[in-house]
Amino acid sequence: MNEFFEELGERWVAAARRREAAIEVPSLDPRISLELLELARVAARTRERRFAPLSCFMAGVAAERLQTANPGLDHGSVADYISEIRRELEAETPDPPNER
């Protein structure tokens, strides 16, 4: 996705190796990344700001479980999965008052 996330992926691999585990380098699909950013925005605006990172973590756990249950799933389907929940959260939130 970009240099920061590529380096971060390598750090996760190295940290796993120090725990005697071999993992594949985690990476972010651009469409999934955008959906996670939108989820964070909605969570921060509709609930508490500090819930945004945990909402994205939970989305990642859920997406991984979905892919485990359905190994043929493509990135677009995972992005749609995250988007569905984000839209549900957004729909439950009253519109902010108009600022003039």
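In which helix is the place of Arg45? Arg45 has its place in helix α2, where helices (H or I, at least four residues) and strands (E, at least two) are DSSP runs numbered from the N terminus. This is a predicted model, in which local features need pLDDT of at least 70 and side-chain atom pairs count only at pLDDT 80 or more, while totals for chains, interfaces and linings use all residues. Residues are numbered from 1 along each chain as its sequence is written, and side-chain values use heavy atoms, with hydrogens and water left out.

Arg45 is partly exposed, at 43% relative accessibility. On this scale buried means under 20% relative accessible area, exposed means over 50%, and partly exposed is in between (1.4 Å probe, protein chains only). Leaving aside neighbours within four places in sequence, Arg45 is in contact with Glu90 and Thr93; contact means heavy atoms within 4.5 Å. Arg45 and Thr93 are 48 residues apart in sequence, and their C-alpha atoms are 9.0 Å apart in space.

Ala43 lies in helix α2 and is buried, with 3% relative accessibility. Not counting residues up to four places away in sequence, Ala43 touches Glu48, Phe51, Ala52 and Ser55. Asp74 is 31 residues from Ala43 along the chain, and 25 Å separates the C-alpha atoms of the two. Glu35 is also found in helix α2, and is buried with a relative accessible area of 13%. With residues up to four places away in sequence not counted, Glu35 touches Ala79, Ile82, Ser83 and Arg86.

The buried residues in α4 are Gly76, Val78, Ala79, Ile82, Ser83 and Arg86. They cover an arc of only 155° around the axis, which puts them on the same side of α4; the arc is that of the directions from the helix axis to the C-beta atoms. What covers these buried residues of α4 includes α2 (30–46) and α3 (51–69).

Next come the charged side chains. Side chains of opposite charge can pair when their charged atoms come close. The structure holds eight salt bridges, a salt bridge being a side-chain nitrogen of Lys or Arg within 4 Å of a carboxyl oxygen of Asp or Glu. One of them joins Glu90 and Arg86, whose closest N and O atoms are 2.9 Å apart. Being four residues apart in helix α4, Glu90 and Arg86 are separated by about one helical turn. An α-helix has 3.6 residues a turn, so residues three or four places apart point the same way. Arg86 is buried at 11% relative accessibility, and Glu90 is partly exposed at 23%. Both belong to a network of salt bridges that links Glu35, Glu38, Arg41, Arg86 and Glu90.

Another salt bridge is formed by Arg47 and Glu92, with 3.1 Å between the closest N and O atoms. This pair links distant parts of the chain: Arg47 is in the loop between α2 and α3, and Glu92, 45 residues apart from it, is in the segment after α4. Arg47 is partly exposed, with a relative accessible area of 40%, and Glu92 is exposed, with 55% relative accessibility.

Glu7 counts as partly exposed at 41% relative accessibility, and Arg11 is exposed, with a relative accessible area of 52%.

Phe4 lies in helix α1 (residues 3–18) too, and is exposed, with a relative accessible area of 52%. Phe4, Phe5 and Leu28 form a nonpolar patch on the surface, with about 270 Å² of accessible area together. Patches are made of residues with over 30% relative accessible area and no salt bridge; like charges are joined within 9 Å, and nonpolar side chains (Val, Leu, Ile, Met, Phe, Trp, Tyr) within 5 Å. Accessible areas come from the Shrake-Rupley method with a 1.4 Å probe, and for residues only the protein chains shown count as cover.
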